[in-house]
Amino acid sequence: MMALQVAGCALPPLLARRRCRRRALRSPRAVASDAAPAAAREEDGKVALGGSGVAVTKLGIGAWSWGDTTYWNEFQWDDRKLKAAKGAFDASIDCGITFFDTAEVYGAGISGAINSESLLGRFIKERQRKEQVEVAIATKFAALPWRFGRGSVICALKASLDRLGVSSVELYQLHWPGIWGNEGYLDGLGDAVEQGLVKAVGVSNYSEKRLRDAHARLKKRGIPLASNQVNYSLIYRNPEENGVKAACDELGITLIAYSPIAQGALTGKYTPDNLPKGPRRRIYTPEFLTKLQPLINRIKEIGGNYERTPTQVVLNWLVCQGNVVPIPGAKNAEQAREFAGALGWSLTGDEVEELRSMARQVKPVIGFPVEKL
């Protein structure tokens, strides 16, 4: 049984390599209920995923880039990048960040050199040879047009479990709404819980209406909808504007935020003269980055008051929203250690609102079309 561990440290940027403490926490079995919102249920440095009994660290690590050669890694994957990804995993564990999000399509087939699930499973196994580690795994089902019915979910899940090398995962999510057959996919999630293959289930890229429908369908079986994973950051706040964040809070569904540092745009690394590589430069253009600079400068000023980096400030901003678990993607150990420093402290309410107000002046042209369905 893959259990969990608590994030026991928050690292200032100048002390990022400090040894971190980890504590174990057992998770009760998931049962649907009308419990208090997920944001209110925190224990020992962890948060519950919605109404499920699964608890995870307040920040997770996204593994989209691991093995990918279409969007990340400059279209190539080699031993150096493999070692860097392994370093990201180990550094995360060392700092008490034990929640990892992957998907069956990450790094798979034409999108990469090796499946991200396979890499995560390998990293866990290699670490287990050295010491007992407890990791919370989240992965996703791809709602491809040729997949029909609840059985397709179970079939895909078993293939994911095989690649990961585990008998169950903490969280299984529908990666996006299907063109058709979504009721069957939700029934498949319920079947997965009842068969003991997963401990909690969620969705991703779901609109408010789809989210409410999914929650209601699963609740009829006594199964809580634990999470909705969506694009959410300081400069991309669609979940606040389209009703998704409010619905998550109302229904007790955890919002898992992917691209929480806007694919690096909020780190301060990129400028009009230093653009990101690959497809990202089509989004984060010189014109956009010029408009972004006043916000980046203010983020740096606020971070300086706490001895934190811009990355840590914007991740903490998300944590301050309540009921949000950010999952920044870590490609190396240095990034993973920096992410850990987003925890263990808090922006003030005034700082949170000031950054939100400034961020209204800039918004990248991105988004997943199904968010509007």
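**Entry 1: a pair in H8**

I began with glutamate 301 and arginine 298, which sit 3 residues apart in helix H8 and are therefore separated by about one helical turn. Helices here are DSSP runs of H or I with at least four residues, strands are runs of E with at least two, and both are numbered from the N terminus. The model is predicted, so I kept its rules in view: local features need pLDDT of at least 70, side-chain atom pairs count only at pLDDT 80 or more, and totals for chains, interfaces and linings use all residues. Residues are numbered from 1 along each chain as its sequence is written, and side-chain values use heavy atoms, with hydrogens and water left out.

Glutamate 301 and arginine 298 form a salt bridge, with the closest N and O atoms 3.0 Å apart. I took a salt bridge as a side-chain nitrogen of Lys or Arg within 4 Å of a carboxyl oxygen of Asp or Glu. Next I looked up accessibility. Glutamate 301 is partly exposed at 47% relative accessible area. Arginine 298 is also partly exposed, at 22%. The cut-offs are under 20% for buried, over 50% for exposed and in between for partly exposed (1.4 Å probe, protein chains only).

**Entry 2: what else arginine 298 touches**

I set aside neighbours within four places in sequence. Arginine 298 is then in contact with Glu354, Leu355 and Met358; contact means heavy atoms within 4.5 Å. Its side chain joins that of glutamate 354 in a polar contact of 2.7 Å. That term covers a pair of N or O atoms within 3.5 Å; within protein, one must be able to donate a hydrogen and the other to accept it, and residues adjacent in sequence count only if both atoms are side-chain atoms. Methionine 358 is 60 residues from arginine 298 in sequence, yet the C-alpha atoms are 9.0 Å apart.

**Entry 3: other salt bridges**

I searched the whole structure and found 23 salt bridges. Aspartate 90 and arginine 127 make one at 3.2 Å, N to O. Aspartate 90 is in helix H1 (79-94) and arginine 127 in helix H2 (116-128), so the pair ties together parts 37 residues apart in sequence. Both residues are buried. I also traced a network of salt bridges that links Lys86, Asp90, Asp94, Glu126, Arg127 and Glu131.

Lysine 140 and aspartate 101 make another, at 2.6 Å. Lysine 140 lies in strand S8 (136-141) and aspartate 101 in strand S7 (99-101), 39 residues apart. Lysine 140 is buried at 0% relative accessible area. Aspartate 101 is buried at 2%.

**Entry 4: nonpolar cores**

I defined a nonpolar core as buried Ala, Val, Leu, Ile, Met, Phe, Trp, Tyr and Cys residues joined through side-chain atoms within 4.5 Å. The largest has 91 residues, of which Trp66, Leu266, Leu292 and Leu295 touch the most other members. Helix H8 (286-306) gives the largest share, 7 residues. A second, separate core of 14 residues includes Val47, Val54, Val56 and Ile327.

**Entry 5: helix H7**

H7 spans residues 244-251, and its buried residues are Val244, Lys245, Ala247 and Cys248. Down the helix axis they fall within an arc of 165°, so they line one face. I took the arc from the directions from the axis to the C-beta atoms. Ala246 and Glu250 are exposed on the other side. The buried residues pack against H5, S11, H6, S12 and S13. Just after H7, glycine 252 takes a positive phi of about 75°.
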